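Q: Could you take a close look at one part of this protein with me? I'd like to go slowly and see what sits next to what.
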Amino acid sequence: MKLITSIIKPFKLDEVREAMADVGVTGLTVTEVKGFGRQKGHTELYRGAEYVVDFLPKVKVEVVVADESVEHVIEAITKAAHTGKIGDGKIFVTSVEQVIRIRTGEANESAI
């Protein structure tokens, strides 16, 4: 099993969710986060005053999938979140040793 964590632009969330549902993802976790990468924030103008926005709003989407589904999910996220502009985001894949569904006690693949 793998945990796929993707950091994407907020307005791409619905497209990513739909794309993952199309490849069989049944559940996910979404968190509003802030951060920056190569873009290093930007400058905005508010009431005539210029100020720097160091951390940009992003969305973190996390999902645990079976090993055989990893490439399909990565492809779905990549296609749905792509704009071709800086700040599209990143995808991280990490191993998951164990998953337990609290309600039923199911473990691992059956708990996903």
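Which residues does Asp 88 touch, not counting residues up to four places away in sequence?

A: Keep in mind that this is a predicted model. Leaving out residues up to four places away in sequence, Asp 88 touches Ile 7, Ile 8, Lys 9, Ala 81, His 82 and Thr 83. You'll find Asp 88 in the loop between H2 and strand S6 (89–95). Is it buried or exposed? Asp 88 counts as buried, because its relative accessibility is 16% and the cut-off for buried is under 20%.

Now follow the chain into the nonpolar core. The largest one has 16 residues, and Ile 4, Val 16, Met 20, Val 63, Val 65 and Val 73 have the most contacts inside it. Strand S1 (2–8), helix H1 (13–22), strand S5 (56–65) and helix H2 (70–81) each give two or more residues to this core. H2 supplies the largest share, six residues.

Take Ile 4 as an example: among the residues it touches are Val 63, Val 65, Val 73, Ile 77 and Phe 92.

Then look at H1, where Val 16, Ala 19 and Met 20 are buried. Their arc around the axis is only 95°, so they end up on the same side of H1. The buried residues of H1 pack against S1, S5 and H2. After H1 comes Gly 24, with a positive phi near 100°.

Methods. Residues numbered from 1 in each chain as written. Predicted model: local features only at pLDDT ≥ 70, side-chain atom pairs only at ≥ 80, totals over all residues. Heavy atoms only, no water. Core = buried A, V, L, I, M, F, W, Y, C linked by side-chain atoms within 4.5 Å. Buried < 20%, exposed > 50% of the residue type's maximum accessible area, 1.4 Å probe, protein only. Helix = DSSP H or I, 4+ residues; strand = E, 2+ residues; numbered from the N terminus. Contact = heavy atoms within 4.5 Å. Arc of directions from axis to C-beta.
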